[in-house]
Amino acid sequence: MNSVTGAKRGLTACVILMTFGAALFASTEASRAEEQLPYIGVGGETSAPIGWAEFCVEYAPECDTAPSVPHDVVVSTRAWTELKRINIAVNTKIKPMTDMDHWGVVERWNYPDDGYGDCEDYALQKRKLLMQAGWPREALLMTVVRDHNGNGHAVLTVKTDRGEYILDNQTSDILFWSDTGYRFVKRQSQTDPNVWVSLGESRAAPATASSR
């Protein structure tokens with residue numbers, strides 16, 4: 001092999017290696033970006049849970065609202081501290097009890113005023129207290145998921161400028177939605193709490209942030 005041929009082959013190998021390296025880097029970065037997408041994908045309108053429909057009959061003023069502009073909360077140190085405080089307070093104060101044991105029915109959504117409640121009652125109470133503290137309703141979304149055992153479960157999604165966080169009666173830790181291990185099914189629309197939307201793949205989100 002003469003020196004010219006060797007140089008050409010070496011240059012070709014170098015180009016191939018660089019091309020492969022660039023493709024690998026791009027693929028890795030794309031995967032990393034996908035993993036870090038902070039917002040779960042929102043689909044079309046779907047049916048509201050029967051529990052929410054009945055909740056709106058019992059607590060009619062809570063549901064008598066007009067459509068509004070979506071808002072995501074800007075997470076300040078103060079806001080995060082308040083979020084943690086309310087989450088822990090509700091999880092500590094309310095004692096778990098199934099709707100069947102509590103009310104003699106399979107499903108009933110209501111505020112746990114007597115100190116007992118099911119998963120959705122914890123979420124409703126957290127939503128109520130956060131709104132009373134000045135958090136925008138549009139960022140506090142009742143959400144239906146499938147838990148680790150495939151059972152239906154309700155949590156509260158808090159939409160922020162940093163992504164979507166989950167308040168859950170199963171843990172006092174506030175978890176990023178993708179860290180819960182749940183399959184997200186549907187939740188309230190940000191524009192109208194009486195409209196529910198299906199949930200799917202993660203996505204980037206539009207900038208609709210409001211300060212706390």
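Mentor: What follows is a set of questions about the words used for this model, which is a predicted one.

Trainee: How do you know how confident the predictor is in this protein?

Mentor: The pLDDT gives the predictor's confidence in each residue, from 0 to 100. Its mean over the protein is 84, and 77% of the residues reach 70 or more. Over residues 3-8 the value is below 50, and that stretch has 1 contact in the model beyond near neighbours in sequence. Residues 10-34 are also below 50, again with 1 contact beyond near neighbours in sequence.

Trainee: What makes up the protein in terms of helices and strands, and how much of it is buried?

Mentor: There are 6 helices and 11 strands. Of the 212 residues, 40% count as buried. As for contacts with a separation of 6 or more, 65% of them are between residues 24 or more positions apart.

Trainee: Why is Ile 166 called buried?

Mentor: Buried means under 20% relative accessible area. Ile 166 has 1% relative accessibility, so Ile 166 counts as buried. This residue lies in strand S7, residues 163-168.

Trainee: Which residues does Ile 166 touch, leaving out those up to four places away in sequence?

Mentor: Ile 166 touches Val 155, Leu 156, Thr 157, Asp 173, Ile 174, Leu 175, Trp 177, Thr 180 and Phe 184. Leu 141 is 25 residues from Ile 166 along the chain, and their C-alpha atoms are separated by 9.7 Å.

Trainee: What makes Asp 101 buried or exposed?

Mentor: Exposed means over 50%. Asp 101 is at 61% relative accessibility, and therefore counts as exposed. Its place is in helix H5, residues 99-103. Asp 101 and Asp 118 are 17 residues apart in sequence, with 9.9 Å from C-alpha to C-alpha.

Trainee: Why is Arg 146 called partly exposed?

Mentor: The term covers values between the buried limit of 20% and the exposed limit of 50%. Arg 146 has 35% relative accessibility, so Arg 146 counts as partly exposed. Arg 146 is placed in strand S5, residues 140-146. Not counting residues up to four places away in sequence, Arg 146 touches Asn 151, Gly 152, Tyr 182, Arg 183 and Val 185. The C-alpha atoms of Arg 146 and Tyr 182 are separated by 5.7 Å, although the two residues are 36 apart along the chain.

Trainee: Which residues make the contact between H4 and H6?

Mentor: From H4 they are Leu 83, Ile 86, Asn 87, Val 90 and Asn 91, and from H6 Tyr 122, Gln 125, Lys 126, Leu 129 and Leu 130. By class, 6 of these residues are nonpolar, 3 polar and 1 charged.

Methods:
Residues are numbered from 1 along each chain as its sequence is written. This is a predicted model: local features need pLDDT of at least 70, side-chain atom pairs count only at pLDDT 80 or more; totals for chains, interfaces and linings use all residues. Side-chain values use heavy atoms; hydrogens and water are left out. Contact means heavy atoms within 4.5 Å. Helices (H or I, at least four residues) and strands (E, at least two) are DSSP runs, numbered from the N terminus. Ala, Val, Leu, Ile, Met, Phe, Trp, Tyr, Cys and Pro count as nonpolar, Asp, Glu, Lys and Arg as charged, and the others, Gly among them, as polar. Buried means under 20% relative accessible area, exposed over 50%, partly exposed in between (1.4 Å probe, protein chains only).
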